[in-house]
Amino acid sequence: MENSIRYRVIIFVFAIIAMTYIVRLFILQVIDPSYKFSADNNTQRKITEYPSRGLIYDRNGKLLVSNQCVYDILIVPREVVPFDTIEFCNALNIQKEELEKLFDDLRKNIKNKRVSRYKPSVFLKQLSAEQYGYLQEILYKFKGFYVQRRTLRNYEYHCAAHVLGYVGEVDEDAMKKDPFYTLGDYRGISGIENTYETFLRGKKGTRYVMVDVHGVEKGKLRGGRMDTTAISGKNITLSLDIDLQQYGELLMRNKIGSIIAIEPETGEILSMVSSPGYDPALLVGRQRSSNYSELAADPLLPLFNRAIMSGYPPGSTFKVLMALIALQEGVITPATKFGCAGGFFNKGIKLGCHGHASPLDLVHSVSNSCNAYYCNVLRTILDNSKYKTTVERFDVWREHLLSFGLGEKLNTDFFNEKRGSIPTSEYYNRLHRNRWNYLTIISISIGQGELLTTPIQMANMSAAIANRGFFYTPHIIKSIDKDTIPSRFKEKNRTKIDAEHFEPIISGMEKAVWDDWGGTARSARVPGIRVCGKTGTAENPHGKDHSIFIAFAPKDDPKIAIAIYVENGGFGATYAAPIGSLMIEKYCNGEISPEREWVEKRILDTDLIPK
């Protein structure tokens, strides 16, 4: 009996020991993989192969954005052993304090479990090819460090920054939304780089290599059978004309404002200038952060894309829409005349006007830009007997404006586009306690008051007039390699105005440029090109008025529609109209004629930046 008990105790002890080993092995091999990672990393290394981003071309096949090679220093923290920090810093051209900060950041990331002690992560980014060449020769001295090739953007032209956008490191939100990204990856942050990121970024590859105890690569693991190839991003072609873009940015030098030029036939954006702008190359490389901080702190807001984000009163350019709505609703005809005695005066309301012949018919009201005429046009619209109430008439008026793409986002391929503002009848009901009429809101008749439009909306409106009643959604993409552009850019958007009503308006816009007796846009003339345009002056409560011009040309076969805003430029004819004429001439003729070089020089020599 005693032997039986002793035998059972011995069996139990051995069973406990065996179970202890089994549990320990289970924890080491299944629950805690650190030893496995350590063993694997002593013999093999998984390296992510980053694809080159797709190239970007302009409409004429000129390369705008290419790639340049850089090298990231990666670190496997568990493999690092004490090393010569002075030699390491000299090799990387950094100070010892910067190295200490890099290790502090690494320790924080390990503590927060953002990186692993057993897997490689980025330690120092974007070494140049020259730095890498020197470091490669001595890298064996620094166990736990190795190099990974990356690509950065390279700009062939130092312009169009707001169109192209920039590439930056992903944040945690981006990684949560898209598993494609991991810590240290880059993605398009703004502009086309952002919108077409999924096409441009390509597909990552993976390479497995064997390494020795010093971390030196000794060849492919299993002959490379586990490797996957990185696939480069797709090339894209923009509708941008880079020569026109460069010229537009030159004309807007030392000025605040924007230029948008569109091809009416397709809705393709030919030029998008926001001034002041910046060199896109500033937001590339290791100086990107400091350069970005300087740009963000600039009071002139060079990072702000005024072409799609600024809201301005449309001023007198809005009169062409007022006339079209009145024609469509049947409250006026091209022969309708209204008098002007230096402005509009009614029940204590005074709205002045410049001197011109009186009375004027519709065509000459456009070319002479008569304020009194359009005050009366608003009255006829909001007194229209076809509808029962002022609210109903106003809502019809607003629907016409919305059909031109005003008051809402155009749904272009720029994610940060703003909608502008077209007031609603509900807004006026709240503001005036349901007691209002055309006199209460008379300022909107001439594009002031609560109206706000973006430059791209005004260029699109100009394209819709050039097309006699329809437009294609403005877009900057022309083609994507082995893919198709979004279908919405090929759909025709029709306004609520019948085509027949556009002819008198176009005649008025033509006379505004070419009529020697009263045309307000005579400074927009281009010999040999029948320009149709409309000037505007937007009131600015913070200083001098803004200079505005919309136009298209040629009249009967429009190739370009354009909108120009020059902040603090005064009358539309002073700066915006001549700039528009130079852009039109440059695009249609390829150069500025000698007889108009004085116009170009005047614009180039003008400095309107507030001192």
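**Notes on the predicted model**

1. Confidence. The mean pLDDT of the chain is 91, and 94% of its residues reach 70 or more. One stretch to flag is residues 34–41, where the pLDDT is below 50. In the model, this stretch has 10 contacts beyond near neighbours in sequence. Where pLDDT is low, the predicted coordinates should not be read in detail. Keep in mind throughout that this is a predicted model.

2. Strands S3 and S5. Strand S5 covers residues 145–155 and is mostly covered, with 9 of its 11 residues buried. Its partner S3 spans residues 63–75. The two strands run antiparallel and are joined by 11 bridges. One place to look is Ile 75, whose bridge partner in S5 is Phe 145.

3. The largest pocket. It holds about 1600 Å³ of space. Its lining counts 50 residues, and the closest to the pocket centre are Ser 121, Val 122, Phe 123, Leu 183 and Gly 184. By class, the lining divides into 19 nonpolar, 15 polar and 16 charged residues.

4. Val 273. This residue sits in strand S12, residues 268–275. Is Val 273 buried or exposed? Its relative accessible area is 1%, under the 20% cut-off, so Val 273 is buried. Leaving aside neighbours within four places in sequence, Val 273 is in contact with Gln 245, Gly 248, Glu 249, Met 252, Gly 257, Ser 258, Ile 259 and Ala 307.

5. A distance for orientation. Val 273 and Lys 143 are 130 residues apart in sequence. In space, their C-alpha atoms are 50 Å apart.

Note on methods. Residues numbered from 1 in each chain as written. Predicted model: local features only at pLDDT ≥ 70, side-chain atom pairs only at ≥ 80, totals over all residues. Heavy atoms only, no water. Buried < 20%, exposed > 50% of the residue type's maximum accessible area, 1.4 Å probe, protein only. Helix = DSSP H or I, 4+ residues; strand = E, 2+ residues; numbered from the N terminus. Pairing = 2+ DSSP bridges. pLDDT = per-residue confidence, 0-100. Contact = heavy atoms within 4.5 Å. 1 Å grid on protein atoms, 1.4 Å probe; cavity = no way out; pocket = protein on both sides within 12 Å on 5 of 7 lines; lining within 4 Å. Points joined across faces, edges and corners; volume = space filled by probe spheres on them. Nonpolar A, V, L, I, M, F, W, Y, C, P; charged D, E, K, R; others polar.
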